[in-house]
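Biologist: I'd like a quick tour of this one. Can you take me through the inside and the surface?
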Amino acid sequence: MSRTSIGDVGYEIADGIARIILQAPERGNTLTRATTRAFADVVDAVLEAKPRVIMLLAEGRIFCAGGDIDEFTANADDLGPLVDETVAPLHPAMLKLHESPAPVVSVVQGPIGGAGVGLALSADFVLAATSMKLRTGYVAIGLSPDAGTAYFLARRVGAIRAQQWLMLSDPVDAQACLQYGAVDALHPDGELREAAEALA
């Protein structure tokens with residue numbers, strides 16, 4: 001299967017299944033300004049192909065740790081504009097995916113945090129590894145939720161629980177995520193991808 005890469009986001013399309021892959025495992029697949037632009041371009045390319053299913057995948061141990069804190073720190077004097085430029089392409093791309101006629105399956109093989117929560121939970125089906133955990137993380141760095149995190153979290157676990165998870169920012173393990181509906185199914189780490197492919 002041939003992969004096309006735009007920056008640190010790749011995609012593959014075969015047999016009607018499109019796979020969007022975050023491919024920056026060395027930094028936890030965090031979302032930089034360049035990453036969100038690449039993600040938007042990949043989403044456009046994938047939707048143009050009209051697949052029957054879209055999978056969201058990531059390389060490495062972490063699905064997506066959220067925004068890139070190193071980039072935020074390096075641009076501390078211009079943090080507002082940086083955040084604006086980072087989410088400007090991300091939000092429309094996520095909305096396009098969410099409104100796509102093709103069902104979306106996210107394959108959460110590891111921790112999700114910050115904007116990674118919104119990205120993972122925006123899918124129609126969220127399959128996760130038993131080792132995954134969720135941490136909203138925003139309060140730890142003094143930011144409000146973005147990337148649809150508040151919306152998609154509340155849609156899945158209910159408004160009050162979502163509010164508590166966002167305010168407290170405590171880690172939530174895989175079993176609790178399943179119990180409260182944040183994810184739809186758990187699989188052993190080594191069996192997750194096979195289960196997701198079977199579903200697709």
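**Pockets, cavities and rings**

Modeller: Let's start with the largest pocket. By class, its lining has 18 nonpolar, eight polar and four charged residues. Keep in mind that this is a predicted model.

Biologist: How much space lies in the largest pocket?

Modeller: About 430 Å³.

Biologist: And how many residues line it, and which lie nearest its centre?

Modeller: The lining of the largest pocket holds 30 residues. Nearest its centre are A65, G66, G113, G114 and T136.

Biologist: Which elements give two or more residues to that lining?

Modeller: They are α2 (69-74), α3 (79-99), β6 (112-113) and β8 (133-135). The largest share comes from α3, with four residues.

Biologist: What lines the largest cavity?

Modeller: L56, L97, H98, V104, S122, A123 and D124. By class, that is four nonpolar, two polar and one charged.

Biologist: And the second largest cavity? Which residues line that?

Modeller: I20, L22, F39, L56, L57, F63 and L119. The elements giving two or more residues here are β3 (17-22) and β4 (53-58). The lining of this second cavity has seven nonpolar residues, no polar ones and no charged ones.

Biologist: Change of topic. How many aromatic pairs does the structure hold?

Modeller: Two. One of them is Y151 with F152. Their rings are edge-to-face, 5.0 Å centre to centre, with 75° between the planes.

Biologist: Is each of those two buried or exposed, and why?

Modeller: F152 counts as buried because its relative accessibility is 6%. The cut-off for buried is under 20%. Y151 has 49%, so it counts as partly exposed. Exposed would need over 50%.

Biologist: Got it. Why is the W165 and Y180 pair edge-to-face?

Modeller: Its planes are at 75°, so the pair is edge-to-face. The cut-off for that is over 60 degrees. The ring centres of W165 and Y180 are 6.2 Å apart.

Biologist: Where do W165 and Y180 lie?

Modeller: W165 is in helix α6 (residues 159-168). Y180 is in the loop between α7 (174-179) and β10 (185-187). So the pair ties together parts that are 15 residues apart in sequence.

Biologist: Buried or exposed, those two?

Modeller: W165 counts as buried, at 11% relative accessibility. Y180 is partly exposed, with a relative accessible area of 31%.

Biologist: What sits over the ring of Y180?

Modeller: The charged end of R161 does, 3.7 Å from the ring's centre.

Biologist: Let's zoom out. How many helices and strands are in the chain?

Modeller: Eight helices and 10 strands. The C-alpha trace spans about 45 × 35 × 30 Å along its principal axes.

Biologist: How does the radius of gyration fit with a compact globule?

Modeller: It agrees. A compact globule of 200 residues would have a radius of gyration near 16 Å, and the chain has 16 Å.

Biologist: What share of the chain do buried residues make up?

Modeller: They make up 50% of the 200 residues.

Biologist: Last topic, backbone angles. What is the phi of D15?

Modeller: D15 has a positive phi of about 55°, although it is not a glycine. D15 is in the loop between β2 (9-14) and β3. With 71% relative accessibility, D15 counts as exposed.

Biologist: And N29? What is its phi, and where is it found?

Modeller: Phi of N29 is near 55°, a positive value in a residue other than glycine. N29 is found in the loop between β3 and α1 (33-48).

Biologist: Is N29 buried or exposed?

Modeller: N29 counts as buried, at 2% relative accessibility.

Notes
Residues numbered from 1 in each chain as written. Predicted model: local features only at pLDDT ≥ 70, side-chain atom pairs only at ≥ 80, totals over all residues. Heavy atoms only, no water. 1 Å grid on protein atoms, 1.4 Å probe; cavity = no way out; pocket = protein on both sides within 12 Å on 5 of 7 lines; lining within 4 Å. Nonpolar A, V, L, I, M, F, W, Y, C, P; charged D, E, K, R; others polar. Points joined across faces, edges and corners; volume = space filled by probe spheres on them. Phe/Tyr/Trp six-rings, centres within 6.5 Å; stacked < 30°, edge-to-face > 60°. Buried < 20%, exposed > 50% of the residue type's maximum accessible area, 1.4 Å probe, protein only. Lys NZ or Arg CZ within 6 Å of the ring centre and 35° of its normal. Rg over C-alpha atoms; globule rule 2.2 N^0.38 Å.
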